[in-house]
Amino acid sequence: MEAPEPLTSASPGTRARKQAAPRPSRTTPATPVWIFYATPDNIDDPWVRELEAGKIVFWWHGRGTYERGGGAPYSREMKRGDSVIMLVGERLLASGVLAAGPDMTFVDDANVRWWPILVVMPFIEPISRPMIEKQAGKLIPHQGTVHPLRPEAMGVINLALGRVDEPFKLPLDAAVVESALAEGEGIEAALARLDHIRPDAVTALLLRKEGARPPPRPAPKTPETDARIRFVDDAPAETEDGLDRGPLALFLARRLHMIWCEMNHCSPGSAPAKAARPWDRDTFIVHVDAPWGGGKTTFANFVARTLNPGGEPLTEGHFLRSSLAPTLTGEALAATDLSGVFVPDYARDDPKTYAEARQPWIVARHNAWRDQYAQPPWWQVFTSVYDQVTAALRQDIGAAWRGVFDDDRIDQIPVLARKLTTYAAVHAERLSYKLLNTKVRVQLLLVAVFGLAVWAALSSPAISAMLGKTVTQLTALGFGGVAMLTLFTVLGQSLAPDVDFTPEHKQIGVGDPVGRFRRMFDKVLRAAGRPVLLIVDDLDRCDPQGVVEVLRGLQTIVRSPRLFVLVLGDRAWIETSHEISHEKLSSLTVGAEAKLGARFVEKVFQLSFRLPAMKPEMRDLYTRANVEGRRAAAVVPDAAALTAFVATLDESLAAPRSVSRHETEIEAAKVSAEASGIAREVLDALASRKLVAAAGADAGYQAEVSSVLSELAASLPNNPRQIKRIMNAFAIYETVGRIYFNYQLTEGDDAESARRARRWRQLAMWVTLATEWPETWRAIGRRPELLVAAYGPEKTRAAADKAFLRDADEAEAALLKLTLHRMRHSRSLRILLDRQPAAAAPGAIAATFAETAMEVEAVREFNRIIWEPGFDTSVPASHTAPTAA
């Protein structure tokens, strides 16, 4: 692990080491080191996320009766300046010093004692407690908040800290302790921040007696610019995953490839029969929703690189590392083959039958904002796809050419010939589309008819005798020149065609120009012989008409089952653009809570989902990495045991089994690995990522999940398209739930697995609510307590309503009242959210969901999976302060 450089108050906000501090001998520790422990349920609390060097955090003392044998309590041995290591659950988070000894007492309203700890060095990457205990024995021998750190464990921790300067290893150097206490936050300032902690009467007298501490010495002023301030590049990442979205990108890429193979009849069970009009089938369009700057382009890069790996190496920070090779490092990691990461198992087993399913995707990009003034917009989309298809074919030709002429490989000659033929066929399709259009055909016909008439006339002896030889020749020459000029003019227009179909549509008998274009486009994609992914970026920066025209073109003109589209943009603006463009239809009723723009968007997108919110710990790591210009190195605890666990996961997931069977086997593997000293949270994270990666290419997994969701039929809307959208969206959000919170389908015997399975079902209900009742969903997302107010005991509802609406202004109160009325009186909403037997007819809900009601804490978790600005993601009130074991 590469530990962080410590912050010093002499240069706030920087990572400068304190060079002036003397380095005394380390033969004998000058002070003991104490472990201050808090339980795992504190790990997401605000005080943990806000650990900052130079600031004081107060730690709950606990019972204060923990003794070593028959000796004195630890609290009597502690003194001001002692070194401290902060342990929360399975993670060592920071080092610090005691800011006060046992002569000072700080208590809360319940008269519970708290210890002031001055944070010296928060760790960029927490140190794993199981890893330490594996090598040095238990850190905490018995129950309690405070424990001494044994020398063996201290040595292992210092080894894990890596390249930290000697003064900042444990126990902290005396000069570091003195400097921290002198320049860090004072106890008085810390008490002013925390109104729930106060000194007792004796301590208050001591603080007054000591008086105010002189302010820290100001840093010397210098006219030069501080060269340590880094400018951070805002370009989207290509492979580095700073937000832990790689597992979701891998799942989506594999799922898209599986759908493409099914739509194009190159998967087991897909109908091989040729469709009557293959060019007239829809393009599969996926929408990735996030606000400006929310990481949409980076996520799209991850999906594109999964579908076309291009032979790139796997690195420490690569977005695929945590899913494919979490235990590998160095050369073994770089040697990992990514070329077939998207290929399903059936195509690996039978490459000849499913050759097309093994082909890497062609990735095209279209910036809608850049090209919004090029008319018509859909033609620019087609040009982007066509240019990338031909560029990919040229690369294939180049590779085959080098194989034949540079490597003297005779077997590459047929490959080269096939690639050249394909390239010629693609260009021939586009050229024939341009030249053999309606205008050219009509012009050729008219020239031919009129030419025959003139030829017949001039061939007559009577007319030739009357006009004379010279006039006849001049007449034939003039007609030929005019005919050729007209023909060349039409051909010139065809090579740079006017692609606006509107005039042709207004002419009777012209035919189907849109269908003609679609046929050409489909033939080009089929000639390429590979799947094509089009990424449409910056759509939410276009004007309303530009947004509508691009999406209309994708939906009605530039379409083919061989093309998949990834649209990146803020959904709110896309919906608003359709409402502005179709203002004349605003009076139409499109649903109780739906908007006109949303209905148009539902027609375009087969799958629309919002990128999940950043987890607090990932936001912290991402910020630190950008500030310091480097990524924190991960600590791999007990590599041998972890490697064995990963191998067990891979073996289980490779077998064609049900989801429940996989989850049961994975749980057994976790129990076995946990006995080896690996933290449960590490095992949960690895198992979730492995299961998600396998599920992306497993049609059976999706079929089983859909089967379970069918038990929600009584709560699903009476709209086939909406039901499909709910199924597609839940596949994504269920993946995020597994990655973020380790949700599972199977309910085990213990309370934690039962809670995770209940959350899985509640998430299905939440996705249904967000799709069909978006306004109620937003209201509950912002105020989860609406569930308690709406579905609490009837005799207490009046009082609950009064208390709930007390702090709301008039407008907000009116909306809340309307939402509460809808939640209480809509039978569909009560069936979905309340799940009380009286809310639905007997048998209306299958047993899996029958007793599952929505919960406030579930909503707060889901608000990190599906979120909008203003949603409540707060932790429970009981988790706002550290607690003892």
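**Reading a predicted model**

Trainee: How does arginine 619 count by its relative accessibility: buried, exposed or in between?

Mentor: This is a predicted model. Buried means under 20% relative accessible area and exposed means over 50%. Arginine 619 has 39% relative accessibility, so it counts as partly exposed. The residue sits in helix 23, which covers residues 616-628.

Trainee: Which residues is arginine 619 in contact with, leaving aside its neighbours within four places in sequence?

Mentor: The contacts are Arg49 and Met614. Arginine 49 lies 570 residues from arginine 619 in sequence, yet their C-alpha atoms are 9.7 Å apart in space.

Trainee: How many residues of helix 29 are buried?

Mentor: Of its 22 residues, 16 are buried, so helix 29 is largely enclosed by the rest of the structure.

Trainee: Which residue caps the N-terminal end of helix 29?

Mentor: Aspartate 750 does, with a side-chain oxygen 3.4 Å from the backbone nitrogen of glutamate 752.

Trainee: What is the order of the strands in the open sheet of five strands?

Mentor: The order is 10-11-12-9-13, and the pairing is parallel. Strand 10 (362-367) and strand 13 (607-610) are the edge strands, each pairing on one side only. From one strand to the next, the twist averages 20°.

Trainee: How many bridges join strand 10 to strand 11?

Mentor: Six bridges join strand 10 to strand 11 (residues 532-537), and the two run parallel. One example is histidine 366, whose bridge partner in strand 11 is valine 536. Helix 13 (residues 377-405) packs on this sheet, touching strand 10, strand 11 and strand 12 (563-568). The direction of helix 13 makes about 150° with that of strand 10.

Trainee: How many disulfides does the structure hold?

Mentor: A disulfide is a covalent bond between the sulfur atoms of two cysteines. The structure holds zero of them. Cysteine 266, for instance, is in no disulfide: the nearest cysteine sulfur, on cysteine 261, is 3.8 Å away. A pair must lie within 2.5 Å to count.

Trainee: Is cysteine 266 buried or exposed?

Mentor: Cysteine 266 is buried, since its relative accessible area is 6%. Cysteine 542 is buried as well, with a relative accessible area of 3%.

Note on methods. Residues are numbered from 1 along each chain as its sequence is written. This is a predicted model: local features need pLDDT of at least 70, side-chain atom pairs count only at pLDDT 80 or more; totals for chains, interfaces and linings use all residues. Side-chain values use heavy atoms; hydrogens and water are left out. Buried means under 20% relative accessible area, exposed over 50%, partly exposed in between (1.4 Å probe, protein chains only). Helices (H or I, at least four residues) and strands (E, at least two) are DSSP runs, numbered from the N terminus. A polar contact is a pair of N or O atoms within 3.5 Å; within protein, one must be able to donate a hydrogen and the other to accept it, and residues adjacent in sequence count only if both atoms are side-chain atoms. Contact means heavy atoms within 4.5 Å. Two strands pair if DSSP finds at least two bridges between them. Axes are lines fitted to C-alpha atoms, for helices over the stretch in contact, and angles run from 0 to 180 degrees between N-to-C directions.
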